[in-house]
Amino acid sequence: MDYFPVFFDLGSQKVLIVGGGEVALRKLGLLERTGAAITVVAPEPLPDFEQRAAAGKIQLALREFVPEDLDGARLVIVATSRRAVNRWIATLSEARAIPVNVVDDREASSFIVPAIIDRDPVLVAVGTMGTSPVLARRLRERLEAMLPRRIGELALWLRALRHAARRLRDTGARRRYFEQIVDGAAARRFVEGDIQGAQRLAQQLLAGTADSAPAAGEVTLVGAGPGDPELLTLKALRALQDADVILHDRLVPAAVLDMARRDATRICVGKAAGGIGSTQQQINELLIEHARQGRRVVRLKGGDPFIFGRGGEELEALRRARIAFSVIPGVTAAAGCAAYAGIPLTHRDYAHGVTFVAGHVDGDGREPDWRALAKTGFTTVFYMGLARVQHIAARLVEHGAAEALPAAVIAHGTLENQQVVTGTLATIAALTSRANLQSPALLIVGEVASLHASLTWFNAAAPLEVAQSA
Ligand code: SAH
């Protein structure tokens with residue numbers, strides 16, 4: 001380790017910046033947040049510096065650097081455009097044992113400035129010791145995406161809780177209390193913005209009632225999106241990385257499951273997977289059972305949990321069992337498939353609304369309101385309708401839709417093997433079966449389906465053309 005990382009308290013300390021250009025301005029922007037007493041020396045600085053000086057935020061000397069500028073300085077940043085001048089100032093600083101950074105000249109610097117994430121009071125610094133600023137930036141971006149947006153507020157909240165925690169008997173009890181908060185549902189709720197829920201959990205923990213509460217574990221219903229793992233939300237990713245147990249649908253691709261914590265238990269509860277959890281009742285029981293054991297359970301569903309996902313039923317069961325739950329939405333198949341097929345679901349010229357409909361018939365054989373769906377000027381998306389494309393197209397035409405109304409079937413949407421077949425209500429069923437599309441697939445009916453021809457972008461030279469010309 002050639003450098004020693006520290007956090008330097010600069011409050012009211014004199015910091016000298018030599019230079020008045022863009023680079024110096026960027027450093028000034030950072031240093032301003034520390035409450036340092038900043039002096040800038042530059043003969044012709046950018047107007048920003050003069051504005052700040054006029055507002056009393058910095059001292060500005062409109063002249064060349066002189067050695068006396070170093071008097072009393074605790075830190076020096078050098079950013080003039082002249083390398084020799086920079087080095088001379090660095091040498092003078094070193095001679096007076098003042099830490100100095102020459103921007104973009106590591107050799108002349110006694111300290112370097114890391115890439116940082118500032119979620120005050122949480123600060124993350126990343127350095128590659130000058131080997132690769134690009135790598136440092138990328139690392140910072142990844143960490144940035146991983147850290148909850150409210151991590152700084154979380155730190156402040158934890159500090160505020162210290163007061164109440166004083167009534168816990170000893171330091172061991174206090175540490176356990178904070179561990180339970182940080183590792184558990186309380187902190188998770190807090191960073192998700194459920195401040196009241198977090199407060200309540202913290203109070204329960206403090207009162208020692210959390211353990212006797214009906215369930216210590218909790219269930220998060222997570223939307224996994226339509227297939228492409230990059231369509232997971234940041235929240236979904238975090239939930240997967242925090243999970244002890246993941247109960248997932250058969251539709252959730254392996255690439256999504258790969259994002260989960262390595263040692264999380266994965267249980268497939270897909271209907272076609274046979275074996276365990278093949279009925280909704282059994283899935284509910286599994287969720288409750290794992291949560292009761294104090295685990296963080298993620299119920300991972302394709303697309304969005306509240307769109308044909310039976311998410312509501314699962315939450316009702318959890319509520320009855322008095323198990324804490326939360327929901328993370330996902331990109332629903334209609335949105336994902338439409339985007340990746342270049343079919344805008346609404347369009348000022350063609351569709352003023354969109355309806356999501358279950359294309360299959362449920363147990364009691366109820367049919368959708370075909371007359372309403374056949375209305376012009378709207379888009380209809382049929383989920384779970386691959387086996388019934390013929391039936392759906394025929395009913396729509398029967399109830400007044402034009403035979404020439406465009407339609408598209410998208411299979412394995414957003415995935416590498418996505419297939420799109422377009423036609424009209426008169427032709428779509430035959431084209432779909434000729435292309436031998438496999439589930440999962442959805443059917444989009446409406447003028448907008450014709451836009452696929454001009455707006456397609458994903459896997460653009462794909463089996464569509466083959467299927468249509470076949
Ligand atoms: N909750 C899910 C839908 C579950 S129902 C969501 O919001 O997307 C399952 C149906 O979703 C499938 O029968 C199919 O119609 C559709 N579906 C899911 N993933 C799909 C994909 N990648 N491509 C096409 N259709 C998909």
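**Pockets and a sheet**

α12 gives the most to the lining of the second largest pocket, with three residues. Helices here are DSSP runs of H or I with at least four residues, strands are runs of E with at least two, and both are numbered from the N terminus.

Two notes on the source. This is a predicted model, where local features need pLDDT of at least 70, side-chain atom pairs count only at pLDDT 80 or more, and totals for chains, interfaces and linings use all residues. Residues are numbered from 1 along each chain as its sequence is written, and side-chain values use heavy atoms, with hydrogens and water left out.

What do I call a pocket? On a 1 Å grid over the protein atoms alone, a pocket is an open set of points where a 1.4 Å probe fits, with protein on both sides within 12 Å along at least five of seven lines; lining residues have an atom within 4 Å of a point. Volume is the space filled by probe spheres set on the points, with grid points joined across faces, edges and corners.

Stay with the second largest pocket. Its volume is about 1,200 Å³. It is lined by 44 residues, and the closest to its centre are Asp249, Leu251, Phe308, Met384 and Pro440. Two or more lining residues come from each of α11 (280-292), β11 (296-301), α12 (311-320), α13 (333-341) and β17 (441-445). By class, that lining has 21 nonpolar, 14 polar and nine charged residues. Nonpolar means Ala, Val, Leu, Ile, Met, Phe, Trp, Tyr, Cys and Pro; charged means Asp, Glu, Lys and Arg; the others, Gly among them, are polar.

Now the largest pocket. Its volume is about 2,000 Å³. Of its 47 lining residues, Ile112, Val113, Pro114, Ala115 and Ile116 are the closest to the centre. The lining divides into 29 nonpolar, seven polar and eleven charged residues. Which helix gives the largest share of this lining? That is α1, with five residues.

Next, the sheet. It is open, with five strands in the order β3-β2-β1-β4-β5 and parallel pairing, where a pair needs at least two DSSP bridges. β3 (59-61) and β5 are the edge strands, each pairing on one side only. Inside the sheet, β1 (residues 14-18) and β2 (residues 37-41) share five bridges. Ile17 has Val40 in β2 as its bridge partner.

And α1 returns here. It packs on the sheet and touches β1, β2 and β4, with contact meaning heavy atoms within 4.5 Å.

Conventions:
Axes are lines fitted to C-alpha atoms, for helices over the stretch in contact, and angles run from 0 to 180 degrees between N-to-C directions.
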